[in-house]
Amino acid sequence: MNVLGKAKEPFIFSTQVSLTELTGLKATNLQQLLDLIKTVPGSIIYHHTHHFLQEHQYLLPEPPNDFAYWVTEFLGEARLGEYLLSIDTIQYTTIRELRDKIARTIEDYVKDYPTSLNKFATTGEEFRFLKSVSFVLQTPHKASDLKEFKTALQKVTPGSLYFHMFEARLRIRQGINDFSKWLEDCLSENKLANKIAALDPYTYTLENLRFTIIKLVEKRIAESLKEHPVIPEALPK
Amino acid sequence: MAKISEYSSVVGSSTIEELQLLAGKLQGKVVQNINSTATGGGVAELLSRIVPLLQELGVNTRWDVIKGGESFFNVTKKFHNALHGRPEEISPQMFEAFTETSQQNIDELKAYGDIMIIHDPQPIALIKKKLSMPGSKWAWRCHIDISSPDTHVWNFLKPFIHQYDSAIFSSPNFSPALPIRQFLILPSIDPLSDKNKDLPQETIDAVLEKYQIRKDKPIITQISRFDYLKDPIGVIEAYRLVKKRIDCQLILAGGTATDDPESSKVFADTKEIAGNDTDIHILPVPSGSDTEINALQRASTVIIQKSLREGFGLTVTEALWKAKPVVASSTGGIPLQIRHKYNGLLCHSVFGAALSIKQLLHNPEYAKRLGENGHELVKQNFILTRHLKDCLLLFLCMYHPDDIIHL
């Protein structure tokens, strides 16, 4: 499709901001952590596997989940920390599946290393279960073709990028990010949509993710211009 | 006091636009803050910064103060200490004095907000006015560390807290089990204040010269009042372990309250332990010397905060904001600010602190990277604009019980 082609519907950029809700729930050892992981609301699992992405936007994207960090730093279980760290979050399209994987990882570890249950965090270093309350707001930025899409991507807040790539995929639409969905449904840019969907956003910082998506869009614009060169209109004689 | 637009130079204009967008969703709502004092203390200082900025954003925010006599404030001071976990003798007469003054405030104070934010225990009983204000939303904002409260006082306050729509705490560690919603609003620093704004090199140099601190040796600094809980002697011990391998200087700077005999004793003890080492600079900095503190932090090679107990640890926030590599105890709010080896180093002992300082002094690139990460972390999470955002979201949360809210 020609890059100058207009989308059936424009992409309207939203942004997302969140407030942390406290639950009063805490764990001091692996058993308590496991029991609570299995039973707390999904918003809590979501918080502990995602808040880092927004809070540490310009850092290296590690560690991607609080459970991994806590068992490593406060229980001294570096091996379990690594197992939890290497859970491929992008594979999971629902919080339920992600929660099950985290719980299974801890259960398997406890079976292999039962003495790990004897370790306790000291007062003040317990794992505190928190929850994200997300607010989604529409921004004035919108795009009707690839060029406008690229321009808007350069301007929107990290919160906007986060919303369309993470929150929309896992918490709202469950399965696909908003950019890929729009590119496929409204611009028939299936190849570009797939390339963005194939990224593992959890291993980028938000700014690097923004840069990577913009590069993919730019490349597609350049290809499209080659396929459909813009021929200047002939001047009137 | 800076205008909201001035913060865009720090956090970017999109963040300010986001705040304006959120504030727009609160049109028509009146937010009334109530605390116990208009001046002095952290809460009054916070409100004096936050309220004008919320007003500038277009949120009709007000601030009123309760009345109380000496006996009332004596009791509430005891409540304060007891909630911090300090044993306090509180007689039935004292509880009665609290109840009496509270009733006077319930009768006399005009409550008119759609959203009522009640700060700390002193005005907590005002919740009784809720019944006569249908549709109003009430939040109790607790600024105190209640991680291990005295149960007598906590049980007295609990029935009041349970009547609120929500409670707000400054750290996840302060969150008790409650039947109402609880939110986390972490403290913040003002990047445009004298304590945190950028300083010209001449200002920094002038402060170093004033205190005869050399520029040709690494500087390790701890900023905090002279208090055993800040472990100034432990800091000197750590410095001495470092000094065996690296020629460096130590600055211990902070206030000593003249009316606090313990503070003067800690200062004297610290001086004595320091002995005649001319590379140890123990500086009693008078309150209000924010620019000097700023300069000392900016001149430092490594900042240390070796507290034995800590509240949130805003001196750590200030150091991180200045992109300094920080070595700090894993206590209080410090682990919320420092992810070990990502944006600073956490320690648990004198030896651990000394080792971390040596690592940072020997590896300036690593130290620089930690400092840069620390600066970005503060920029994202502990700047006044984030505090404003949390306030706005809290107000909105009062009307939305869900986890995902489309505005």
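How many residue pairs are in polar contact across the interface of chain A and chain B?

## Contacts across the interface

In this predicted model, the rule finds 16 residue pairs in polar contact across the interface of chain A and chain B, counting pairs in which both residues are at pLDDT 80 or more. The elements that give two or more residues to the side of chain A that touches chain B are β1 (11-27), α2 (42-55), α3 (66-73), β2 (127-143) and α7 (158-172) of chain A. Of these, β2(A) gives the most, with 10 residues. By residue class, that side of chain A divides into 16 nonpolar, 15 polar and 11 charged residues.

The count of salt bridges between chain A and chain B is 3. One of them links D66(A) with R339(B), whose closest N and O atoms are 2.9 Å apart.

Taken over the whole interface, 42 residues of chain A are in contact with 40 residues of chain B. The area buried between chain A and chain B comes to about 3600 Å², and carbon and sulfur atoms give 60% of that area. L19(A), L22(A) and F135(A) supply 19% of the area that chain A buries against chain B, which is more than any other three residues supply.

## A sheet that runs through both chains

Strands from both chains take part in an open sheet of 9 strands, with mixed pairing and the order β2(B)-β1(B)-β3(B)-β4(B)-β5(B)-β6(B)-β1(A)-β2(A)-β13(B). At its edges stand β2 (60-65) and β13 (404-406) of chain B, and because each has a single partner strand, one side of each is left without a neighbour in the sheet. From one strand to the next, the twist averages 25°.

Where the sheet passes from chain B to chain A, 3 bridges join β1(A) to β6(B) (residues 181-184), and these two strands run antiparallel. Within this pairing, L22(A) stands opposite Q182(B), and L22(A) is also among the three residues named above for their share of the buried area. Inside chain A, β1(A) and β2(A) likewise run antiparallel and are joined by 13 bridges, with A143(A) in β2(A) as the bridge partner of F11(A). In general, strands of a sheet pair through backbone hydrogen bonds, either parallel or antiparallel.

## A helix across the sheet

Helix α15 of chain B (residues 384-397) lies across strands of both chains, namely β1 and β2 of chain A together with β1 (30-35), β3 (115-119), β4 (137-141), β5 (166-169) and β6 of chain B. Relative to β1(A), α15(B) runs at about 85°.

Notes: Residues are numbered from 1 along each chain as its sequence is written. Chains are lettered from A and ligands numbered from 1 in the order in which they are written. This is a predicted model: local features need pLDDT of at least 70, side-chain atom pairs count only at pLDDT 80 or more; totals for chains, interfaces and linings use all residues. Side-chain values use heavy atoms; hydrogens and water are left out. Contact means heavy atoms within 4.5 Å. Buried area is the accessible area (1.4 Å probe) that two parts lose on being put together, summed over both. A salt bridge is a side-chain nitrogen of Lys or Arg within 4 Å of a carboxyl oxygen of Asp or Glu. A polar contact is a pair of N or O atoms within 3.5 Å; within protein, one must be able to donate a hydrogen and the other to accept it, and residues adjacent in sequence count only if both atoms are side-chain atoms. Helices (H or I, at least four residues) and strands (E, at least two) are DSSP runs, numbered from the N terminus. Ala, Val, Leu, Ile, Met, Phe, Trp, Tyr, Cys and Pro count as nonpolar, Asp, Glu, Lys and Arg as charged, and the others, Gly among them, as polar. Two strands pair if DSSP finds at least two bridges between them. Axes are lines fitted to C-alpha atoms, for helices over the stretch in contact, and angles run from 0 to 180 degrees between N-to-C directions.
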